[in-house]
Amino acid sequence: MLMVMRTRITSQPVAAGRSCIRPLGWLLLLFAAFHSLPAADKDILSGLSPGLPEVRQLRQEIAANLKSTARGNGLAVPLRIWRYTVGAERNFFVIMARLSQDADTLVSLNQLQNPNALVKGQTLYVPNARGLFRPLIESTVQLGQKSNALGVVRRTDGIHFHFLPGIRMPLAEMRYFRGEGFQRPLQSGAGRISSSFGYRQDPLQHQRTFHGGLDLAAPTGTAVYATRAGTVVRAEANRHGYGNLIVLKHEYGYTSWYGHLQSWQVRIGQKVQAGQLIGRVGSTGKSTGPHLHFEIRKAGVRQNPAGLVHQ
Ligand SMILES: [Zn+2]
């Protein structure tokens, strides 16, 4: 069982009361914390076959909870989060269908960026109810729903989520997962990918470094467009690193970054539309030739733009 009500944790030190028994209180807290951890061999799906007892049980519980939440009641079966180790199939939609789950639930609980992001050996968390999971840090913003959160749940890796049973993901947010969130920063046909997202041999430092964006080589002065509607949060000249840089802020915690620009056409605080001209390709900052360094970040973490941008 992964369900941890927040009050259960926080009530322990308070109950300790007098200072002489405080260590006991902490011990109880520690015990409570460990006690809530699921047993290693429990809650694991050994496969996707509907013949497996745990898969059958999971599907039955999802159906029961779906019926119950659709009627406006709480969960019929207490929340339980199973773990599935992604196999060679790595197909998000196959796994989703076999386990009778939906994209909203799996995407939000696993914080998936796109359907092709699954890798073999990855742990996929599969709850026995459908709904929206919000990481605790984000839970206060952009929920867009009434606070009918059932409670706080904890994944086995320690990340806490608010669970909103029966709530669907806003369509605009689901678009990011489908790769419809952003458009190309250069006109179609313009620019050639000179460096992709991931580890590479650094052209300047001659060592393996992580490249957190997409490099599009294009002639100096090539128009750069906003990849999605947003607000300009940075428009600045750097002599190092990114060079002349624009950063746009979008909804659901996303930002897009445009580096090494020759010039920019926007100012901080300005609202821009998708496809609006914001700057021009250059070679400012740490750059070996005219190109656009394009990044997408979610909650500050750099994502692979290839899976998020449609052509
Ligand atoms: Zn780059």
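Where is the place of Q113? In this predicted model, Q113 sits in the loop between α5 (103-110) and β3 (123-127).

## Q113 and its surroundings

Q113 has 19 C-beta neighbours inside 10 Å. A buried residue needs 20 or more, so Q113 counts as partly exposed.

Its contacts reach well along the chain. Leaving aside residues up to four places away in sequence, Q113 touches F177, Q303, G307 and L308. G179 is 66 residues away from Q113 along the chain. The C-alpha atoms of Q113 and G179 are separated by 8.6 Å.

## The β1-β2-β3 sheet

Three strands form an open sheet, ordered β1-β2-β3. The pairing is mixed. Strands β1 (44-45) and β3 are the edges, and each pairs on one side only.

β2 and β3 run antiparallel to each other and share 5 bridges.

## The largest nonpolar core

Which residues touch the most other members of the largest nonpolar core? They are L58, L79, I81, W82, V126 and F163, in a core of 34 residues. Several elements give two or more residues to this core: α3 (53-70), β2 (81-85), α4 (92-98), α5, β3, β4 (131-135), β6 (160-165) and α6 (171-177). Domain 1 (38-177) and domain 2 (182-310) both contribute residues, so the core lies between them.

A second core is separate. This one has 21 residues, including F197, A218, V224 and L292. In soluble globular proteins, nonpolar side chains tend to be buried together.

Leaving aside residues up to four places away in sequence, W82 touches D43, I44, L45, L58 and V126. Of these contacts, L58 and V126 are also among the core residues that touch the most other members.

## Strand β17

Is strand β17 (residues 277-281) mostly covered or mostly uncovered? Mostly covered: 4 of its 5 residues are buried.

β17 pairs with two strands named here. Strand β12 (residues 223-225) pairs with β17 in the antiparallel sense, over 3 bridges. In that region, Y225 stands opposite L277 of β17. Strand β15 (residues 254-264) also pairs with β17 in the antiparallel sense, again over 3 bridges. S263 has R280 in β17 as its bridge partner.

Notes: Residues are numbered from 1 along each chain as its sequence is written. This is a predicted model: local features need pLDDT of at least 70, side-chain atom pairs count only at pLDDT 80 or more; totals for chains, interfaces and linings use all residues. A residue is buried if 20 or more other C-beta atoms lie within 10 Å of its own, exposed if 12 or fewer, and partly exposed in between; C-beta atoms are placed from the backbone. Two residues are in contact if their C-beta atoms, placed from the backbone, lie within 7 Å. Two strands pair if DSSP finds at least two bridges between them. A nonpolar core is a set of buried Ala, Val, Leu, Ile, Met, Phe, Trp, Tyr and Cys residues joined through C-beta atoms within 7 Å. Domain bounds come from an automatic or database domain assignment.
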